[in-house]
Amino acid sequence: MNERCVPINKGNYSMDTPEREARFHEYLGEAWPEGYKAYRRNWIEWARTQHVGDYPLLVDLELSSVCNLRCPMCYTISPEFRDNVDARVMDLALFKRVIDEIGGKVPAVRLSLRGESTVHPQFVDCVRYAKEHGIREVSTLTHGGGGAVAPLPPAPGARVRRGTGRDRVRPARCPWGP
Ligand code: SF4
């Protein structure tokens, strides 16, 4: 075992109580409790032991580099971003090809990097496809107002937790801007 200090999730801080934390993980993993525990354990152990699996534990897919908000501190509204990034939504066929390649091998995908994934017109189809093709955990970071969140797919194990903690979809508006 490598004894070096390996910072893990060093940018993540929880302000929840241990009970709420436990409930959160219970809900997230309720459709695959043992697999979920192993997945979370590997998230830490693989980093600590410098283990490289055949496939990563999570794949980030930038479903949309477009966002329908203009938060004043966001780099996506900068001239540099607009000039240099061909902001668009991911083609569904490409999304399916990626999922076909990693389904059943990669436990989790996150559908966001830059932009707002729920502006993708086929957001729900993407979630459903991933869930039905072997991706156990499908998550995204969202402001909750991209337009595609309301008709959430009733796929087994599908659960949505918005980063803001709000319990319903609100009209799109920047939480920090006017
Ligand atoms: S919601 Fe996120 S991606 Fe969209 S403008 Fe605001 S910070 Fe940027």
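Modeller: First, a term: helices (H or I, at least four residues) and strands (E, at least two) are DSSP runs, numbered from the N terminus. On that basis the protein chain has 5 helices and 3 strands. The model is a predicted one. From the N terminus on, the order of elements is α-α-β-α-α-β-α-β.

Now the core. The largest nonpolar core holds 18 residues. Val 109, Cys 126, Ala 130 and Ile 135 have the most contacts inside this core. The largest share comes from α5, with 5 residues. As a general point, nonpolar side chains tend to be buried together in soluble globular proteins.

Take Cys 126 as a way in. Set aside its neighbours within four places in sequence. Cys 126 is then in contact with Leu 63, Leu 92, Phe 95, Leu 111 and His 120. Contacts across the sequence also show up in the chain as a whole. Among contacts between residues at least 6 apart in sequence, 78% join residues at least 24 apart. Buried residues make up 21% of the 178 residues in the protein chain.

Next, the sheet, to which β2 belongs. The sheet is open, has 3 strands in the order β1-β2-β3, and pairs them in parallel. Its edge strands are β1 (58–60) and β3 (137–139), and each of these pairs on one side only. From one strand to the next, the twist averages 15°. Strand β2 covers residues 108–110, and its parallel pairing with β1 runs over 3 bridges. In general, strands of a sheet pair through backbone hydrogen bonds.

Follow the chain on from β2. Thr 118 is in the loop between β2 and α5. Thr 118 counts as buried because it has 28 C-beta neighbours inside 10 Å, and the cut-off for a buried residue is 20 or more. Thr 118 and Cys 67 are 51 residues apart along the chain, yet their C-alpha atoms are separated by 8.8 Å.

Key:
Residues numbered from 1 in each chain as written. Predicted model: local features only at pLDDT ≥ 70, side-chain atom pairs only at ≥ 80, totals over all residues. Pairing = 2+ DSSP bridges. Axes fitted to C-alpha atoms, helices over the stretch in contact; angles between N-to-C directions. Buried ≥ 20, exposed ≤ 12 C-beta atoms within 10 Å, placed from the backbone. Contact = placed C-beta atoms within 7 Å. Core = buried A, V, L, I, M, F, W, Y, C linked by C-beta atoms within 7 Å.
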